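Good morning, and thank you for making time for this presentation. I would ask you to keep the sequence and the structure in view while I speak.

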Amino acid sequence: MPKRVFAPPEDGFPKRSRMDKFVIRGGAPLRGEIAVNGAKNSALPALAACLLTEEPVILHRIPDVRDIVTMETLLRSTGANVEVDGHTIRVEAREVVRPEAPYELVKTMRASSLVLGPLVARTGRARVSLPGGCAIGARPINLHLAGLEQLGARIRQEHGYIEAETPNGLHGALITFDRITVTGTEDLLMAAVLAEGETVIENAAQEPEVADLAELLTKMGAQIEGAGTSTIRVRGVPRLHGAEHTIIPDRIEAGTFLIAGAITRGDLLVTRCVPEHLSALISKLRQAGVRIEETGPDSLRVCAPGKLRSIDVTTEEYPGFATDLQAQYMALMTQAQGISLITETIFENRFMHALELMRMGANIRLEGRQAIVAGPSQLTGAAVIASDLRASASLVLAALVASGETVIDRVYHIDRGYEKIEERLQQVGASIRRIR
Ligand code: EPZ
């Protein structure tokens, strides 16, 4: 069995990786082929969905990243049997003995709240720690809770925990989200599949990961229509059965690699991706003068030989420009001619990477939800600190084009969502190594 990169976390962060750093020497164009892994943000709800049946569920193309290990640990703590073989995970929740998500796990991964809906639907109750703060924003789960109450759950909050119970089981409802929430849509979809009667979710998230979850649930026997659109209809069924499913490719990882090929002026083939999941990014990159060619149904070739143009971006829910690619795009715009305006509409504090980019020589001005980037700037290597998953990716991209050496601290943030990123970038010519 292939060696896992991370041992199951004691407190969420395996000690050795807490101190890890990346040392990157910039200037090398990335050339060659880089394959995209399965999507972390699809694997997480899929793993939570395994709690909905006592039969085994087999999931393929699960990335070996820290957030997945945290979710595996959480599933085991509920009583499920979890077997990992490389990128395949087999979950058998024959009996859910402890419908809980404890604080020590939730504090390291807020997506743990994805077990709330499945636990309530399967056992009639759940005790899930409130996620608490996060680097990129408050990120409350009030919309998850309001939807669960509409499905018949009684919700109490005490000692930092959500206590949910359904003495009479869940029943269908019309749920209209005040604002679009990805894991809120996924949480309630997983609750609704076992609720009695019909549930309609309006203003639902349309992310591909929602549609992927619905595909798994349908294989398990759920009756769902409209996943991937803003209105999802669910007809509840009494029980679900086991299934086997392969997770979709990670569009954020694929987008990160496209930007890596562009910012280093390389020539990169990004394979095993879904180009249509990246259409907003591809459109912006092409406007900026990046050449992107669809070389096959699941591969994109990126190169950027000429000058880059500054192009404004506003992050939006899918199919708009993904907030999870905003930090990476900002790194690219530091190399473009002129002024670009980057507006972040999803999270209230998602510009921390800008402060570190400025230390590398970027010319950025922050005004509330907007970042004004003037380029091109000759970035220089510096000692920088990663603050969250996608900010870390932005710093790696900047370091790949900066002159001299950059040391990025707290790379456990990047290990949450990118599997063996330094090895994969080395294989296409990057000068990057991990030091402990
Ligand atoms: C998912 O987070 C992703 N995580 C995030 O990716 C991604 O950035 C985000 O969607 C937006 O696309 C996973 O899928 C595991 P939201 P989620 O609920 O579901 C507010 C990464 O880098 N909101 O769509 O938590 C919220 O504060 C991560 O992989 C409420 O107010 O995001 C935010 O401003 C980072 N109340 C907005 O909605 C709620 O009950 C969108 O959040 C829920 C959300």
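**Backbone, cysteines and overall form**

I begin with Pro 376, which lies in the loop between β21 (370–375) and β22 (383–385). The peptide bond that joins Gly 375 to Pro 376 is cis, with omega of about 0°. Please bear in mind throughout that this is a predicted model.

A cis peptide bond also joins Tyr 318 and Pro 319, and here omega is about 10°. Pro 319 is found in the loop between β18 (313–314) and α11 (326–333).

Asn 203 is not a glycine, yet its phi is positive, at about 60°. Asn 203 sits in the loop between β11 (198–202) and α8 (208–219), and with a relative accessible area of 26% it is partly exposed. Arg 410, likewise not a glycine, has a positive phi of about 60°. The place of Arg 410 is in the loop between β23 (405–409) and α14 (412–415), and its relative accessibility of 40% makes it partly exposed.

Let me turn to helix α5, residues 116–123. Is this helix largely enclosed or open? Six of its eight residues are buried, so α5 is largely enclosed by the rest of the structure. The buried residues are Leu 116, Gly 117, Pro 118, Leu 119, Val 120 and Ala 121. Just after α5, Gly 124 takes a positive phi of about 90°.

Gln 157 belongs to strand β8, residues 154–158. With a relative accessible area of 56%, Gln 157 is exposed. Leaving aside neighbours within four places in sequence, Gln 157 is in contact with Leu 130 and Ile 162. Ala 43 is 114 residues away from Gln 157 along the chain, and the C-alpha atoms of these two residues are separated by 28 Å.

Next, the cysteines. How many disulfides does a search of the whole structure find? The search finds zero.

I close with the protein as a whole. The protein contains 15 helices and 24 strands. Its C-alpha trace spans about 65 × 45 × 40 Å along the principal axes. A compact globule of 436 residues would have a radius of gyration near 22 Å, and the 21 Å of this protein agrees with that. Of the 436 residues, 59% count as buried. Among contacts with a separation of 6 or more, 73% are accounted for by residues 24 or more positions apart.

As for the surface, the protein exposes about 16,300 Å², and carbon and sulfur atoms supply 48% of that area. The protein carries 49 positive and 53 negative side chains, and the centres of the two sets lie 6 Å apart.

Thank you for your attention.

How values were computed:
Residues numbered from 1 in each chain as written. Predicted model: local features only at pLDDT ≥ 70, side-chain atom pairs only at ≥ 80, totals over all residues. Heavy atoms only, no water. Helix = DSSP H or I, 4+ residues; strand = E, 2+ residues; numbered from the N terminus. Rg over C-alpha atoms; globule rule 2.2 N^0.38 Å. Buried < 20%, exposed > 50% of the residue type's maximum accessible area, 1.4 Å probe, protein only. Contact = heavy atoms within 4.5 Å. Areas by Shrake-Rupley, 256 points an atom, 1.4 Å probe, with all protein chains shown as cover. Lys, Arg positive; Asp, Glu negative; His and termini not counted. Charge placed at Lys NZ, Arg CZ, Asp CG, Glu CD. Disulfide = S-S within 2.5 Å.
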